[in-house]
Amino acid sequence: MSQIEKDVLWGKKKEAIVFPLLQSKYPDVYQTEDQFDCFDFRDDVNKIDFELKSRNMIKGKFDTIFFGWNKLLEGRARRESGYSKRTIYLFRFQNRADKRKHVIYFWEDDMEIPLDKMPFQYCGNFKRGEEAQKLVNLPQLWLKPFKELVYEATRCGVENNTSGV
């Protein structure tokens, strides 16, 4: 099995762990079918895209966290077209006390930061033979704990801020 195949399998396992937690806040969320979909989860009722980035490190080990610039662009394009109302990036880290467990944080792109002001860097996973690509270089200070993620139901206008993970 190639390193890319191992990474995809590892990511799918992490998606399976996070999915029920996400469903507890967003009952209409589902996992996207195609591994090449830009986002891992979608709520069609509330028009929300979710992308999960799992990292084998403790939150705060680095000041920033990377994810694909292409995902930022796609999320914004979907919002501008009206296909989505929210784009939420989930970050799964190892638990500081027990590395076999995990903690989840999120960042919601409210599109208030213009693209020309968004922090980025060119880099890649050179172990897998990737060429450098443009990545969002998100300050970890911008991340919020998953339990602060607010459910906003568009069909009935109800807000629910139940505690989660």
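Trainee: Which residues of helix 1 are buried?

Mentor: Happy to walk you through it. This is a predicted model, in which local features need pLDDT of at least 70, side-chain atom pairs count only at pLDDT 80 or more, and totals for chains, interfaces and linings use all residues. Residues are numbered from 1 along each chain as its sequence is written, and side-chain values use heavy atoms, with hydrogens and water left out.

In helix 1, the buried residues are G11, K14, E15, V18, F19, L22 and K25. Buried means under 20% relative accessible area, exposed over 50%, and partly exposed in between (1.4 Å probe, protein chains only). Helix 1 covers residues 3-25; helices (H or I, at least four residues) and strands (E, at least two) are DSSP runs numbered from the N terminus.

Next, its length and course. Helix 1 has 23 residues and should span 33 Å at 1.5 Å a residue, which agrees with the 33 Å between its end C-alpha atoms; the expected span is 1.5 Å times one less than the number of residues. At V18, one of the buried residues, helix 1 bends by about 30°, and the proline P20 follows within four residues. The bend is the angle between axes fitted to the seven residues ending there and the seven starting there.

A salt bridge is a side-chain nitrogen of Lys or Arg within 4 Å of a carboxyl oxygen of Asp or Glu. The two residues sit three residues apart in helix 1, about one turn of the helix. E15 counts as buried because its relative accessible area is 8%, whereas K12 is partly exposed at 30%.

The count of salt bridges comes to nine. Among them, K53 pairs with E51 at 3.3 Å between the closest N and O atoms, and both of these residues are buried. D109 pairs with R76, the closest N and O atoms being 2.8 Å apart. This pair links distant parts of the chain, 33 residues apart: D109 is in the loop between strand 6 and strand 7, and R76 is in helix 2. Both D109 and R76 are buried. R42, D44, D49, E74 and R78 are linked in a network of salt bridges.

R76 and R78 are among the buried residues of helix 2, together with W69, K71, L72 and G75. The 13 residues of helix 2 should span 18 Å, in agreement with the 18 Å between its end C-alpha atoms. After helix 2 comes G82, whose phi is positive, near 90°.

Helix 1 also meets the largest pocket, where it supplies the largest share of the lining, eight residues. The lining holds 14 nonpolar, eleven polar and 13 charged residues; Ala, Val, Leu, Ile, Met, Phe, Trp, Tyr, Cys and Pro count as nonpolar, Asp, Glu, Lys and Arg as charged, and the others, Gly among them, as polar.
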